[in-house]
Amino acid sequence: MADVARLAGVSHQTVSRVVNGHPNVRAATVERVRRAIEETGYRRNSTARALATSRTNVLGVIASETALYGPAQTLIGIERAAREAGYFLTVVSLDHTSRDSAAEAVDHLIQQSVEGCVAITPQRRLAERLAAPDAPRPLVMVEGGEDWGLPVVCVDQAQGAAEAVEHLLGLGHRTVHHIEGNPLWPQSRARLAGWRRALAGAGAPAPATLRGDWSPRSGYEQGRALLARRAAGEPVTAVFVGNDQMAVGVLRALGEARLDVPGDVSVVGFDDVPEAEFLSPALTTVRQDFARVGQESLSLLLQQVGGAGTAPRADLRRMVPARLLPRGSSGPAPAPDIRDNPRKETS
């Protein structure tokens, strides 16, 4: 930093102000310092800075199931928001098969002296571990956490699911079948609740649900189970699937049965994966704003890092709205089968 100051013809303090983004520095001086930084190849020493300020500018993220689209996109959103705020991230991916995984993640972040932590851990037992007194603080949960009074940022899953069901009922379908995701995830439970709420509000019957595990294969298997119900006489004309990946499996099962989508059966997913609009037909789905989830998570965390260490009670929960995207996989209900509306024979 002293070399940069000499080259730029400014004081050491001015270089520090420029590096830290202080607003009260003239534009010409900022430009001169930046040119000197490029010429000298200067980079801030984060270790030295932490010793001088007692701040690491490092935030932790504990994440699980990052191979799935939702957690992966949430992690990207958090990383971008942290970078824009001038923070570094250290990420610990959890092994959901290990009982000790959450404890090991907590220990690792404590050793890294993180200033706060965001947890993308929807499973209940992981949330329970993070609610323990020895877990890193401040802490913000992405989905889950309400049962333990922890700050949480989440998408309004129930609202998104209700919109999906209302969309299908508005197209004339008498009811909507549902394939759930993993019941241990709060997102799955909230989407199930939204499905039930929309059916009850419309006075429509609620068929028995089927359960997948978020994967396309489980969607395919449960799609075949729906086909078996249909073959047994149950009217299956509309399906709300817990996520887009399972919806892909459902579309495969319907295609193998030579059923038209949406002519015979309408399908709606959840997430809006990049491939959704390029399927044939394009998948009607519910979009989650993962970038905003990342921004809100960092905002809530930094409010605590820079403040008194705890968020105001009224600000413990931030909800991000979901948005239905109607596309080609949902359409009007098919005309009633003659067996459902027999005509009187005339002589």
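Mentor: Start with strand β8 (residues 238-241), which pairs with β9 in the parallel sense over 3 bridges. Strands count as paired if DSSP finds at least two bridges between them, and the elements are DSSP runs numbered from the N terminus: helices are H or I with at least four residues, strands are E with at least two.
Trainee: Which residue of β9 is the bridge partner of Ala238?
Mentor: Ser266.
Trainee: Is this a predicted or an experimental model?
Mentor: This is a predicted model, where local features need pLDDT of at least 70, side-chain atom pairs count only at pLDDT 80 or more, and totals for chains, interfaces and linings use all residues. Residues are numbered from 1 along each chain as its sequence is written, and side-chain values use heavy atoms, with hydrogens and water left out.
Trainee: Back to the sheet, what's the strand order?
Mentor: β7-β6-β8-β9, an open sheet of 4 strands with parallel pairing. β7 and β9 are at the edges with a single partner strand each, so one side of each has no neighbour in the sheet.
Trainee: And which helix touches β6, β8 and β9?
Mentor: That's α11, packed on the sheet, and its direction makes about 165° with that of β9. Angles here run from 0 to 180 degrees between N-to-C directions, with axes as lines fitted to C-alpha atoms, for helices over the stretch in contact. Touching means contact, that is heavy atoms within 4.5 Å.
Trainee: Switching topic, where's Arg258, and is it buried or exposed?
Mentor: Arg258 is in the loop between α11 and β9, and it is exposed, at 79% relative accessible area. The cut-offs are under 20% for buried, over 50% for exposed and partly exposed in between, with a 1.4 Å probe and protein chains only. Its phi is near 60°, positive although the residue isn't glycine.
Trainee: What about Trp214, buried or exposed?
Mentor: Trp214 counts as buried, at 5% relative accessibility. Phi is positive there too, near 85°, and Trp214 sits in the loop between β7 (210-211) and α10 (216-231).
Trainee: Where are the cis peptide bonds you'd point out?
Mentor: One runs from Val261 to Pro262, with omega near 10°, and Pro262 is in the loop between α11 (244-256) and β9 (266-268). Another joins Ser280 and Pro281, with omega about 0°; Pro281 lies in the loop between β9 and β10 (285-287).
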